[in-house]
Amino acid sequence: MLLLRDAHNRIIRDLRVSLTDRCNFRCFYCLPNGEPPLARKETILTFEEIERICEIFVSLGIEKIRLTGGEPLLRRDIEDLIEKLARLKIQDSGFKIQDSEIQNSNPKSKIQNPKLKDLALTTNGHSFSRRAKNLKNAGLDRVTISLDSLDRENFRKITGVDALENVLQSIEAATRENLTPVKINAVIVRGRNDDELVDFARFAREKDIKMRFIEFMPLDSGHEWTREMIVSGKEIFRRVNEAYPLFLKEKSRGAETAWRYGFADGAPGEIGIVAPVTEMFCGACSRIRLTADGQIRTCLFSTVEHNLRDVLRSGATCAEIIEFIQSVVLKKEARHHINDKEFAPASRSMSFIGG
Ligand code: SAM
């Protein structure tokens with residue numbers, strides 16, 4: 001089958017699918033005012049449509065699918081979708097796009113036996129603990145849970161919801177159900193939670209989890225982002241390293257977003273530092289995004305979207321959908337422009353894009 005290669009010679013392997021633009025949290029760095037969902041109900045992709053799109057993407061070499069949102073667990077019966085997508089992990093699962101269906105196919109860009117290798121979910125952890133078992137049974141491989149404070153009151157201030165206990169239970173449930181490696185995302189913002197960096201590192205050690213510290217990006221719907229609020233990846237490293245000496249696990253991170261560190265004293269757990277603002281990693285980007293209303297986004301910071309939903313609903317054949325996706329991938333931006341004078345904010349904020 002064909003590979004998805006962009007105009008900058010990057011191969012696209014990682015698809016993020018937003019299942020809804022609704023969220024039950026009001027994180028100040030994401031959706032502070034709870035703007036009404038942008039997508040009207042009839043524009044939201046059905047599970048059947050998502051399944052068809054994912055099948056086609058996997059046939060084009062996508063190896064990782066991450067379900068996100070908004071809060072993906074607000075979408076009813078998500079287990080049914082996971083069960084269907086999990087079938088893409090089995091080679092020769094029955095889905096085949098015939099070569100004859102694909103026009104202009106270049107034999108040099110073909111791959112053998114495309115299949116999904118990793119099916120993951122990102123959640124705020126509010127209701128994950130009671131659904132972990134069913135999600136695992138449905139075929140989910142891994143989960144990333146957001147956790148921006150270990151202090152109950154600060155957690156409430158950051159997210160707008162008094163739910164720290166739910167999230168801690170969700171982390172336990174993820175580990176218990178072997179949805180591993182369990183990753184925890186914390187967006188570090190100066191004056192809001194940077195004083196908890198060492199607490200988070202201790203938490204990672206004690207619970208043997210992969211803690212990811214993420215720089216604050218200008219994707220908040222409240223438009224409060226300022227450069228002063230960023231705690232750079234370098235500063236995060238320095239402050240954690242002072243308390244718990246770290247070592248770099250791998251000199252190259254490939255298409256991954258995080259530099260990964262282990263604890264020098266051999267303690268379990270891992271620290272990941274994701275620094276998209278101060279240490280851009282666009283050159284190795286392998287990601288593409290699908291919004292809940294069926295728009296392809298080639299970059300978090302895209303100012304344009306590509307309407308796959310209309311192509312799909314027009315009755316397009318697989319070949320026509322593939323042609324559309326390939327033409328969109330060729331338009332993938334070389335890099336983001338956050339640090340340029342002429343930076344124009346993305347056309348949607350994080351909760352509508354799918355993080
Ligand atoms: N509701 C789910 C959750 O809370 O994980 C999934 C969606 S959320 C948009 C996905 C990830 O995006 C979260 O880990 C969140 O911390 C991150 N995120 C949201 N806004 C961000 C911002 N402005 N800068 C950096 N990361 C952000």
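How far apart are the mean positions of the positive and negative charges of the chain? The 56 positive and the 52 negative charges have mean positions 2 Å apart. Here Lys and Arg count as positive and Asp and Glu as negative, with His and the chain ends not counted; a charge is placed at NZ of Lys, CZ of Arg, CG of Asp or CD of Glu.

Before I continue, a word on the basis of these values. This is a predicted model, in which local features need pLDDT of at least 70 and side-chain atom pairs count only at pLDDT 80 or more, while totals for chains, interfaces and linings use all residues. Residues are numbered from 1 along each chain as its sequence is written, and side-chain values use heavy atoms, with hydrogens and water left out.

I turn to the overall fold. The chain contains ten helices and twelve strands, taken as DSSP runs numbered from the N terminus (helices are H or I, at least four residues; strands are E, at least two). Its radius of gyration is 20 Å, which agrees with the value near 20 Å for a compact globule of 355 residues; that radius is taken over C-alpha atoms, and the globule rule is 2.2 Å times the number of residues to the power 0.38. The C-alpha trace spans about 60 × 50 × 40 Å along its principal axes. Of the 355 residues, 57% are buried (buried means under 20% relative accessible area, exposed over 50%, partly exposed in between, with a 1.4 Å probe and protein chains only). Among contacts with a separation of 6 or more, 76% join residues 24 or more positions apart, a contact being heavy atoms within 4.5 Å.

Next, the aromatic residues. The structure holds seven aromatic pairs; rings of Phe, Tyr and Trp (its six-membered ring) pair if their centres lie within 6.5 Å, and planes under 30 degrees apart count as stacked, over 60 as edge-to-face and the rest as tilted. One of the pairs is F237 with Y261, which is tilted because the centres are 4.9 Å apart and the planes stand at 45°. F237 belongs to helix 7 (residues 233-243) and Y261 to strand 8 (residues 259-263), so this pair ties together parts that are 24 residues apart in sequence. F237 is partly exposed at 25% relative accessible area, whereas Y261 is buried at 12%.

A further pair, F301 and F343, is edge-to-face, with 6.1 Å between centres and 70° between planes. F301 sits in the loop between strand 11 (295-297) and strand 12 (306-307), and F343 in the loop between helix 9 (318-329) and helix 10 (350-353), so the pair ties together parts that are 42 residues apart in sequence. F301 is buried, with a relative accessible area of 9%. Ring pairs also link F28, Y29 and F216 into a cluster.

Finally, the backbone. Most residues other than glycine have a negative phi, and most peptide bonds are trans. Which peptide bond is cis, with omega near -5°? The bond from T180 to P181 is the cis one, and P181 lies in the loop between helix 5 (164-176) and strand 5. That loop between helix 5 and strand 5 also holds N178, which has a positive phi of about 65° and is partly exposed at 47%. D208 has a positive phi near 55°; this residue lies in the loop between helix 6 (197-207) and strand 6 (210-215) and is exposed, at 51%.
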